[in-house]
Amino acid sequence: MNFENKKILVIGAGISGFAAAKIAKKFGAEVILSDAKEEKDLKFDFSELRELGINLKFGKQTDELLNGVDMIILSPAVPIKIPVVRSAIEKNIPVIGEVELAYNLAKSPICAVTGTNGKTTTVTLLGLLLKTAYEKVGVGGNIGTALSEVALETGEGGCIAAEISSYQMETAQKFKPHVSAVLNVTPDHLKRHGNMENYQAAKEKIFANETPEDFLVLNYDDERTRGMIDRANCKTVYFSRKIEPEEGAFLDGKMLKIKFSGKIYELCTTDELGIKGGHNVENALAAAMTAFLAGAEPEKMREILKNFTGVEHRIEFVREIDGVKYYNDSKATNTDSAIKALETFDGHIILIAGGDDKMTNLTDFLNFVRKRCDYLILVGAAAERFKNDAIKNDFPPEKILDAGYSMQKAVEFAKNIAAAPQIVLLSPACASFDMYDNFEERGKDFKKIVNSL
């Protein structure tokens, strides 16, 4: 990709936008970074970009931004439907995403993972597994580090583990991982995509350009992902907790195994596996199968699988107080992810839930709440709907507490109620944007409050 003497417009400040702007500038482009918010409303330090000579434009985005522009690089958070991008497309100005930029820069193969839930855990584990086979391993994407930066840093002779969201795939054109994995597809981000069909189609773009020399790893146990094999042009294998596939990764009793080219490799047992819960068995199977197809040897993966205990904000143990354990699962930004957290424990849960409501159906989630939770503590904008639906689903109204927009109050409610063997679990089933900038900030606040008790 040649940026020399080109005029590049990057839309959307943030991790991806910053990286794209700096890279385009590094390779000789005139760069404009535009964000629809005013600078005072953005929690970023733009001094480095100014020092590099990047032109910053804040506020209303009009067609004047497009004057003389040769290409637009879109941050994942920016929908392709916004007026200025639609105008660019009508003017035949190329529009790509930061992930597409990364693919064009990458000189090492990419292993890309998508899915509604489990991506970060799977990709973090995948990165560690790949290090058993490669000296240089990059981990990036929707995981907190821009994939384009990772692609440059990794260079040749390594391997890249990429977490890929549906937002990132909206602008994908030639993106082609060597190994891709789709973990699951459940209702999420429907405000952006409109319906489940569009959401799933965005996910499926991760393998759309793969050829018979590439690999796709699919979750057999998820109905939507199982059928993706019919639309893949590459070698496809499954992972499953329920069946033994012809080829793939599977659970045989308590043993995690890989079956490929007529051979079966044992990895470790579920008791030995460092991450707990059925959903994490799936994540481990997916990561191990992806790493195997990328060249990692099963015997070298075993210790990693045993020693990896998960990542921050994913059913993360925080502290035990008077025999009551507190867990931070702030990453549970949808009901399916929250259900997986509830499944991890045997019951007696004091659940803190709520936040920025995604307006998804709550029936399945509340069935688990009714069976496994002793109390439901609600926060944020979703509290009223969650409370009304919980009562409709026969959860006792006297065991529902509303903490308003205060995590402090929610944790204090839980502390006053909880007694062993109960556990306190933050698993919101909602986004965080009504109270926090992101789920990480929410989780850190929860942990800070718990640790101050």
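A nonpolar core is a set of buried Ala, Val, Leu, Ile, Met, Phe, Trp, Tyr and Cys residues joined through side-chain atoms within 4.5 Å, where buried means under 20% relative accessible area with a 1.4 Å probe, counting protein chains only.

The model shown is predicted: local features need pLDDT of at least 70, side-chain atom pairs count only at pLDDT 80 or more, and totals for chains, interfaces and linings use all residues. Residues are numbered from 1 along each chain as its sequence is written, and side-chain values use heavy atoms, leaving out hydrogens and water.

**View 1. The largest nonpolar core.** This core holds 48 residues, of which I73, I164 and F175 touch the most other members. Helix 1 (residues 15-26) supplies the largest share of the core, 5 residues; helices are DSSP runs of H or I with at least four residues, numbered from the N terminus.

**View 2. The surroundings of I164.** Leaving aside residues up to four places away in sequence, I164 touches V99, A112, V113, T114, K119, L147, M169, F175, K203 and I206. Contact here means heavy atoms within 4.5 Å.

**View 3. The second core.** A separate core of 43 residues includes L126, L256, I275 and M289.

View 4. Of the 453 residues of the chain, 57% count as buried. Among contacts between residues at least 6 apart in sequence, 66% join residues at least 24 apart. The C-alpha trace spans about 65 × 60 × 35 Å along its principal axes.

Conventions: Buried means under 20% relative accessible area, exposed over 50%, partly exposed in between (1.4 Å probe, protein chains only). Helices (H or I, at least four residues) and strands (E, at least two) are DSSP runs, numbered from the N terminus.
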